[in-house]
Amino acid sequence: MTAPAFGRFFLPGPTDVHPDVLAAMQRAMIGHRSSAMERLLEGLEQPLARLFRTSRTVLVGTTSATGFMEMAVRNGVRQRALSLVNGSFSERFAKLVGACGKECIRLDVPLGCAVEPDMLRDALRRTPVDAVTLVHSETSTGVLQDVAALAAVVREFDDVLLLVDAVTSLAGSPVETDQWGLDFVLTGSQKALALPPGLALGVASERMLERAKTLPNRGLYFDLVSFVQATTKHQPTNTPAISLLYALETQLARIERAGGVEARWRRHDAMRSRVEAWSEQRGVPYVPREGRRSWTVSCLKLPDGTGSKTVVGALKEAGWTIGAGYGSLKDTTIRIGHMGDHTVGALEELLALLDGLVA
Ligand SMILES: *Cc1c(COP(=O)(O)O)cnc(C)c1O
(Lines give C-alpha, C1' and ligand atoms only; values in the text may rest on other atoms or scores of the structure.)
Protein backbone atom coordinates (compact mmCIF):
# COMPACT_ATOMS: atom_id res chain seq x y z
CA MET A 1 0.00 0.00 0.00
CA THR A 2 1.42 3.39 -0.91
CA ALA A 3 0.74 6.27 1.45
CA PRO A 4 -1.05 9.31 0.00
CA ALA A 5 1.05 12.33 -0.89
CA PHE A 6 2.18 14.71 1.86
CA GLY A 7 -0.42 17.26 2.94
CA ARG A 8 -3.56 15.22 3.53
CA PHE A 9 -2.97 13.83 6.99
CA PHE A 10 -4.71 16.29 9.34
CA LEU A 11 -4.90 14.11 12.43
CA PRO A 12 -4.28 16.17 15.58
CA GLY A 13 -1.14 14.15 16.21
CA PRO A 14 0.77 12.46 14.89
CA THR A 15 0.73 14.85 11.97
CA ASP A 16 2.16 14.66 8.47
CA VAL A 17 5.94 14.51 8.19
CA HIS A 18 7.61 16.19 5.22
CA PRO A 19 9.51 13.83 2.85
CA ASP A 20 12.80 15.68 3.45
CA VAL A 21 12.46 15.02 7.18
CA LEU A 22 11.65 11.36 6.60
CA ALA A 23 14.65 11.06 4.29
CA ALA A 24 16.99 12.46 6.98
CA MET A 25 16.31 9.37 9.07
CA GLN A 26 18.05 7.11 6.57
CA ARG A 27 21.52 8.30 7.58
CA ALA A 28 23.93 5.75 9.10
CA MET A 29 24.22 5.28 12.84
CA ILE A 30 26.87 7.02 14.96
CA GLY A 31 28.04 6.05 18.42
CA HIS A 32 26.06 7.76 21.14
CA ARG A 33 29.32 8.55 22.98
CA SER A 34 31.13 9.73 19.85
CA SER A 35 32.29 13.23 18.96
CA ALA A 36 29.85 13.11 16.03
CA MET A 37 27.01 12.83 18.57
CA GLU A 38 28.41 15.75 20.57
CA ARG A 39 28.53 17.86 17.42
CA LEU A 40 24.99 16.85 16.51
CA LEU A 41 23.64 17.81 19.95
CA GLU A 42 25.66 21.03 20.04
CA GLY A 43 24.20 22.00 16.67
CA LEU A 44 20.65 21.62 18.02
CA GLU A 45 21.29 23.94 20.96
CA GLN A 46 20.77 27.37 19.40
CA PRO A 47 17.87 26.57 17.07
CA LEU A 48 16.06 24.84 19.95
CA ALA A 49 16.59 27.85 22.22
CA ARG A 50 15.09 30.08 19.51
CA LEU A 51 12.14 27.72 19.14
CA PHE A 52 11.44 27.69 22.90
CA ARG A 53 12.23 31.44 23.25
CA THR A 54 14.65 30.74 26.07
CA SER A 55 18.23 31.36 27.06
CA ARG A 56 18.23 28.08 28.96
CA THR A 57 19.17 24.55 27.93
CA VAL A 58 16.51 22.71 25.94
CA LEU A 59 16.35 19.02 26.86
CA VAL A 60 15.64 16.36 24.25
CA GLY A 61 14.53 12.95 25.44
CA THR A 62 13.74 9.66 23.77
CA THR A 63 10.18 9.25 25.02
CA SER A 64 6.72 10.29 24.00
CA ALA A 65 5.54 13.61 25.44
CA THR A 66 3.95 11.90 28.44
CA GLY A 67 7.46 11.00 29.63
CA PHE A 68 8.30 14.68 30.01
CA MET A 69 4.96 15.27 31.75
CA GLU A 70 6.21 12.72 34.25
CA MET A 71 9.56 14.52 34.38
CA ALA A 72 7.71 17.73 35.21
CA VAL A 73 5.83 16.10 38.10
CA ARG A 74 8.72 14.08 39.54
CA ASN A 75 11.06 17.07 39.54
CA GLY A 76 8.67 19.95 40.06
CA VAL A 77 6.00 18.91 42.59
CA ARG A 78 7.12 18.79 46.21
CA GLN A 79 3.93 17.62 47.94
CA ARG A 80 0.81 18.92 46.35
CA ALA A 81 -0.13 20.29 42.94
CA LEU A 82 -3.16 22.11 41.61
CA SER A 83 -4.08 20.57 38.25
CA LEU A 84 -6.21 22.60 35.85
CA VAL A 85 -8.44 20.07 34.06
CA ASN A 86 -10.39 20.93 30.89
CA GLY A 87 -9.97 17.83 28.75
CA SER A 88 -8.21 14.50 28.34
CA PHE A 89 -4.61 15.61 28.33
CA SER A 90 -4.95 17.93 31.32
CA GLU A 91 -6.71 15.01 33.03
CA ARG A 92 -3.67 12.88 32.27
CA PHE A 93 -1.42 15.51 33.90
CA ALA A 94 -3.61 15.39 37.03
CA LYS A 95 -3.48 11.58 37.13
CA LEU A 96 0.29 11.64 36.77
CA VAL A 97 0.58 13.74 39.90
CA GLY A 98 -1.18 11.01 41.88
CA ALA A 99 0.70 8.22 40.10
CA CYS A 100 3.99 9.81 41.19
CA GLY A 101 2.85 9.71 44.81
CA LYS A 102 1.98 13.40 45.20
CA GLU A 103 -1.31 14.95 46.19
CA CYS A 104 -3.44 16.39 43.39
CA ILE A 105 -6.07 19.08 43.87
CA ARG A 106 -8.16 19.48 40.72
CA LEU A 107 -9.71 22.60 39.28
CA ASP A 108 -12.18 21.27 36.71
CA VAL A 109 -14.00 23.34 34.10
CA PRO A 110 -16.50 22.01 31.51
CA LEU A 111 -15.16 20.58 28.25
CA GLY A 112 -14.63 23.33 25.72
CA CYS A 113 -13.81 25.92 28.38
CA ALA A 114 -10.54 27.38 29.59
CA VAL A 115 -9.52 28.15 33.16
CA GLU A 116 -9.58 31.92 33.47
CA PRO A 117 -7.04 33.85 35.59
CA ASP A 118 -9.54 34.81 38.34
CA MET A 119 -10.55 31.19 38.80
CA LEU A 120 -6.92 30.21 39.22
CA ARG A 121 -6.30 33.01 41.73
CA ASP A 122 -9.31 31.93 43.81
CA ALA A 123 -8.20 28.31 43.78
CA LEU A 124 -4.65 29.18 44.83
CA ARG A 125 -5.97 31.35 47.67
CA ARG A 126 -8.18 28.53 48.92
CA THR A 127 -5.64 25.76 48.62
CA PRO A 128 -1.93 26.06 49.24
CA VAL A 129 0.00 24.05 46.65
CA ASP A 130 3.62 24.08 45.52
CA ALA A 131 2.99 23.60 41.79
CA VAL A 132 0.34 24.08 39.10
CA THR A 133 -0.08 21.82 36.05
CA LEU A 134 -1.90 22.92 32.93
CA VAL A 135 -2.25 22.18 29.23
CA HIS A 136 -1.77 25.18 26.94
CA SER A 137 -3.58 23.81 23.87
CA GLU A 138 -5.98 21.06 25.04
CA THR A 139 -5.92 18.81 21.97
CA SER A 140 -9.08 16.94 22.97
CA THR A 141 -11.28 20.07 22.76
CA GLY A 142 -9.19 22.58 20.80
CA VAL A 143 -9.09 25.05 23.71
CA LEU A 144 -6.13 27.42 23.98
CA GLN A 145 -5.56 28.77 27.48
CA ASP A 146 -4.14 32.23 28.17
CA VAL A 147 -0.89 30.95 29.64
CA ALA A 148 0.74 34.40 29.87
CA ALA A 149 -2.08 35.60 32.16
CA LEU A 150 -2.24 32.33 34.13
CA ALA A 151 1.55 32.45 34.67
CA ALA A 152 1.25 36.01 36.01
CA VAL A 153 -1.32 34.78 38.57
CA VAL A 154 0.95 31.92 39.65
CA ARG A 155 3.72 34.49 40.23
CA GLU A 156 1.52 36.27 42.80
CA PHE A 157 2.07 33.27 45.08
CA ASP A 158 5.32 32.39 46.75
CA ASP A 159 7.23 29.28 45.71
CA VAL A 160 4.63 27.85 43.32
CA LEU A 161 6.03 26.35 40.10
CA LEU A 162 4.13 26.38 36.83
CA LEU A 163 4.39 23.19 34.75
CA VAL A 164 3.09 23.59 31.21
CA ASP A 165 2.18 20.99 28.60
CA ALA A 166 2.71 22.88 25.33
CA VAL A 167 2.49 19.77 23.14
CA THR A 168 0.14 21.24 20.52
CA SER A 169 1.05 24.90 21.03
CA LEU A 170 4.84 25.07 20.88
CA ALA A 171 6.04 25.67 17.31
CA GLY A 172 2.43 26.38 16.26
CA SER A 173 1.46 29.41 18.36
CA PRO A 174 3.37 31.76 20.68
CA VAL A 175 5.04 30.14 23.69
CA GLU A 176 7.36 32.60 25.44
CA THR A 177 9.19 30.39 27.92
CA ASP A 178 11.40 33.04 29.52
CA GLN A 179 9.16 36.08 29.13
CA TRP A 180 6.11 34.35 30.63
CA GLY A 181 8.22 32.81 33.40
CA LEU A 182 7.30 29.17 32.79
CA ASP A 183 9.06 26.77 35.16
CA PHE A 184 8.73 23.74 32.96
CA VAL A 185 7.42 23.65 29.42
CA LEU A 186 7.33 20.53 27.30
CA THR A 187 6.33 19.29 23.88
CA GLY A 188 6.49 16.13 21.80
CA SER A 189 7.95 15.61 18.34
CA GLN A 190 4.81 14.43 16.52
CA LYS A 191 2.59 17.48 16.90
CA ALA A 192 3.33 21.07 15.79
CA LEU A 193 6.99 20.22 15.19
CA ALA A 194 5.89 17.76 12.49
CA LEU A 195 8.42 15.06 13.28
CA PRO A 196 7.75 11.36 13.71
CA PRO A 197 6.71 10.43 17.28
CA GLY A 198 9.32 9.40 19.82
CA LEU A 199 11.01 12.54 21.13
CA ALA A 200 10.00 14.87 23.94
CA LEU A 201 11.52 18.33 24.35
CA GLY A 202 11.42 20.61 27.36
CA VAL A 203 12.97 23.44 29.36
CA ALA A 204 13.23 23.90 33.13
CA SER A 205 13.66 27.23 34.91
CA GLU A 206 16.47 27.79 37.39
CA ARG A 207 14.09 27.60 40.33
CA MET A 208 12.65 24.33 39.01
CA LEU A 209 16.16 22.90 38.79
CA GLU A 210 16.94 24.09 42.33
CA ARG A 211 13.76 22.48 43.64
CA ALA A 212 14.50 19.23 41.81
CA LYS A 213 17.81 18.96 43.64
CA THR A 214 15.92 18.87 46.96
CA LEU A 215 13.37 16.21 45.94
CA PRO A 216 13.81 12.49 46.62
CA ASN A 217 12.35 9.86 44.27
CA ARG A 218 13.14 11.69 41.05
CA GLY A 219 13.81 8.32 39.52
CA LEU A 220 16.57 7.81 37.01
CA TYR A 221 15.34 8.06 33.42
CA PHE A 222 13.60 11.40 34.01
CA ASP A 223 15.93 12.87 36.61
CA LEU A 224 16.06 16.54 35.67
CA VAL A 225 19.35 17.23 37.43
CA SER A 226 21.37 14.64 35.53
CA PHE A 227 19.48 15.40 32.31
CA VAL A 228 20.51 19.05 32.47
CA GLN A 229 24.08 18.13 33.39
CA ALA A 230 24.45 15.80 30.40
CA THR A 231 22.73 18.18 27.97
CA THR A 232 24.98 21.06 29.01
CA LYS A 233 27.94 18.88 27.97
CA HIS A 234 26.15 17.97 24.70
CA GLN A 235 25.80 14.40 25.76
CA PRO A 236 22.77 12.11 25.76
CA THR A 237 21.73 10.51 29.05
CA ASN A 238 21.25 7.10 27.42
CA THR A 239 21.24 5.77 23.87
CA PRO A 240 18.94 8.25 22.15
CA ALA A 241 16.71 7.62 19.13
CA ILE A 242 19.53 8.69 16.81
CA SER A 243 17.43 8.65 13.62
CA LEU A 244 14.91 10.98 15.22
CA LEU A 245 17.72 13.35 16.17
CA TYR A 246 18.68 13.47 12.47
CA ALA A 247 15.07 14.31 11.67
CA LEU A 248 15.02 17.01 14.36
CA GLU A 249 18.23 18.56 13.02
CA THR A 250 16.76 18.67 9.51
CA GLN A 251 13.42 20.04 10.68
CA LEU A 252 15.03 22.81 12.75
CA ALA A 253 17.01 23.89 9.68
CA ARG A 254 13.82 23.88 7.60
CA ILE A 255 12.05 26.02 10.22
CA GLU A 256 14.88 28.54 10.25
CA ARG A 257 15.03 28.68 6.45
CA ALA A 258 11.29 29.37 6.32
CA GLY A 259 11.64 32.45 8.55
CA GLY A 260 11.90 30.97 12.04
CA VAL A 261 9.31 30.29 14.70
CA GLU A 262 7.46 33.58 14.18
CA ALA A 263 6.76 32.77 10.54
CA ARG A 264 5.53 29.40 11.71
CA TRP A 265 3.15 31.09 14.17
CA ARG A 266 1.79 33.31 11.39
CA ARG A 267 1.11 30.33 9.13
CA HIS A 268 -0.77 28.54 11.91
CA ASP A 269 -2.72 31.70 12.72
CA ALA A 270 -3.75 31.88 9.06
CA MET A 271 -4.92 28.25 9.11
CA ARG A 272 -6.92 28.89 12.30
CA SER A 273 -8.54 31.98 10.75
CA ARG A 274 -9.42 30.05 7.62
CA VAL A 275 -11.27 27.38 9.60
CA GLU A 276 -12.98 30.11 11.67
CA ALA A 277 -14.28 31.77 8.50
CA TRP A 278 -15.51 28.43 7.17
CA SER A 279 -17.17 27.58 10.48
CA GLU A 280 -19.04 30.87 10.44
CA GLN A 281 -20.10 30.59 6.80
CA ARG A 282 -21.32 27.04 7.16
CA GLY A 283 -22.83 27.37 10.61
CA VAL A 284 -20.66 24.60 12.01
CA PRO A 285 -19.74 26.03 15.41
CA TYR A 286 -16.50 25.66 17.34
CA VAL A 287 -16.50 23.93 20.70
CA PRO A 288 -14.34 26.66 22.35
CA ARG A 289 -15.41 30.29 22.32
CA GLU A 290 -13.68 32.92 20.22
CA GLY A 291 -10.34 33.98 21.66
CA ARG A 292 -9.80 30.56 23.28
CA ARG A 293 -9.25 28.56 20.11
CA SER A 294 -6.10 26.59 19.48
CA TRP A 295 -4.04 27.62 16.46
CA THR A 296 -3.21 23.99 15.66
CA VAL A 297 -6.40 21.99 16.25
CA SER A 298 -9.95 23.08 15.48
CA CYS A 299 -12.70 21.19 17.28
CA LEU A 300 -16.07 21.67 15.56
CA LYS A 301 -19.56 20.60 16.62
CA LEU A 302 -21.36 18.66 13.87
CA PRO A 303 -25.00 19.38 12.97
CA ASP A 304 -27.56 17.13 14.67
CA GLY A 305 -27.88 13.84 12.82
CA THR A 306 -24.36 13.95 11.40
CA GLY A 307 -21.98 11.65 13.24
CA SER A 308 -18.21 12.09 13.29
CA LYS A 309 -17.75 8.51 12.12
CA THR A 310 -19.54 9.24 8.85
CA VAL A 311 -17.58 12.42 8.16
CA VAL A 312 -14.20 10.98 9.10
CA GLY A 313 -14.96 7.82 7.09
CA ALA A 314 -16.01 9.71 3.94
CA LEU A 315 -12.84 11.80 4.05
CA LYS A 316 -10.77 8.66 4.49
CA GLU A 317 -12.35 7.27 1.29
CA ALA A 318 -11.20 10.43 -0.49
CA GLY A 319 -7.66 10.02 0.86
CA TRP A 320 -7.80 12.58 3.68
CA THR A 321 -7.44 12.09 7.42
CA ILE A 322 -8.90 14.18 10.26
CA GLY A 323 -9.70 13.25 13.84
CA ALA A 324 -13.06 12.41 15.38
CA GLY A 325 -13.84 14.03 18.71
CA TYR A 326 -12.19 12.80 21.88
CA GLY A 327 -13.71 11.26 24.98
CA SER A 328 -17.33 12.29 25.52
CA LEU A 329 -17.19 14.50 22.39
CA LYS A 330 -16.18 11.54 20.20
CA ASP A 331 -19.38 11.20 18.14
CA THR A 332 -20.57 14.80 18.00
CA THR A 333 -17.41 16.68 17.06
CA ILE A 334 -14.53 16.51 14.59
CA ARG A 335 -10.99 17.76 15.09
CA ILE A 336 -8.88 19.12 12.26
CA GLY A 337 -5.19 19.07 13.17
CA HIS A 338 -3.84 21.90 11.01
CA MET A 339 -0.41 21.78 12.55
CA GLY A 340 3.22 21.31 11.66
CA ASP A 341 4.02 21.71 7.99
CA HIS A 342 0.44 21.99 6.72
CA THR A 343 -0.54 24.94 4.54
CA VAL A 344 -3.63 27.09 4.00
CA GLY A 345 -3.73 25.74 0.44
CA ALA A 346 -4.18 22.11 1.47
CA LEU A 347 -6.60 23.17 4.20
CA GLU A 348 -8.74 24.86 1.50
CA GLU A 349 -9.01 21.54 -0.34
CA LEU A 350 -9.96 19.75 2.86
CA LEU A 351 -12.64 22.33 3.73
CA ALA A 352 -14.06 22.05 0.20
CA LEU A 353 -14.49 18.31 0.77
CA LEU A 354 -16.05 18.92 4.18
CA ASP A 355 -18.52 21.28 2.57
CA GLY A 356 -20.27 18.37 0.94
CA LEU A 357 -20.32 16.29 4.12
CA VAL A 358 -21.77 18.54 6.80
CA ALA A 359 -24.43 20.38 4.79
C1 LIG B 1 -0.49 14.27 22.19
C2 LIG B 1 -0.51 15.00 23.48
C3 LIG B 1 0.11 14.51 24.65
C4 LIG B 1 0.70 13.12 24.77
O5 LIG B 1 1.66 12.85 23.89
P6 LIG B 1 2.35 11.40 23.77
O7 LIG B 1 3.46 11.77 22.86
O8 LIG B 1 1.34 10.50 23.19
O9 LIG B 1 2.81 11.00 25.11
C10 LIG B 1 0.09 15.29 25.77
N11 LIG B 1 -0.50 16.48 25.78
C12 LIG B 1 -1.12 16.98 24.70
C13 LIG B 1 -1.77 18.32 24.80
C14 LIG B 1 -1.14 16.26 23.52
O15 LIG B 1 -1.76 16.76 22.45
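Start with the whole protein chain: among its contacts (heavy atoms within 4.5 Å) with a separation of 6 or more, 72% join residues 24 or more positions apart. This is a predicted model, in which local features need pLDDT of at least 70, side-chain atom pairs count only at pLDDT 80 or more, and totals for chains, interfaces and linings use all residues. Residues are numbered from 1 along each chain as its sequence is written, and side-chain values use heavy atoms, with hydrogens and water left out.

Switch to a cartoon view. The chain has 13 helices and twelve strands, taken as DSSP runs numbered from the N terminus (helices H or I, at least four residues; strands E, at least two). The radius of gyration, taken over C-alpha atoms, is 20 Å, close to the 21 Å that the globule rule (2.2 Å times the number of residues to the power 0.38) gives for 359 residues, so the chain is as compact as a globular protein of that length. Along the principal axes, the C-alpha atoms fill a box of roughly 60 × 55 × 30 Å.

Next, colour residues 20-257 as domain 1 and 260-358 as domain 2; these bounds come from an automatic or database domain assignment. Their C-alpha centres lie 26 Å apart. The contact between them takes 33 residues from domain 1 and 23 residues from domain 2. About 2300 Å² is buried between the two domains, with carbon and sulfur atoms giving 57% of that area. Buried area here is the accessible area (1.4 Å probe) that two parts lose on being put together, summed over both.

Now select L51 and L120, which touch the most other members of the largest nonpolar core, a group of 56 residues. Such a core is a set of buried Ala, Val, Leu, Ile, Met, Phe, Trp, Tyr and Cys residues joined through side-chain atoms within 4.5 Å. Buried means under 20% relative accessible area, exposed over 50%, and partly exposed in between (1.4 Å probe, protein chains only). Helix α10 (residues 242-257) supplies the largest share of this core, eight residues. Both domain 1 and domain 2 give residues to this core, so it lies between them. Apart from it lies another core, of 29 residues, including A131, L163, F222 and V225.

Finish at T332, in the loop between β11 (323-324) and β12 (333-337). T332 is partly exposed, at a relative accessible area of 38%. Leaving aside neighbours within four places in sequence, T332 is in contact with L300, K301 and L302.
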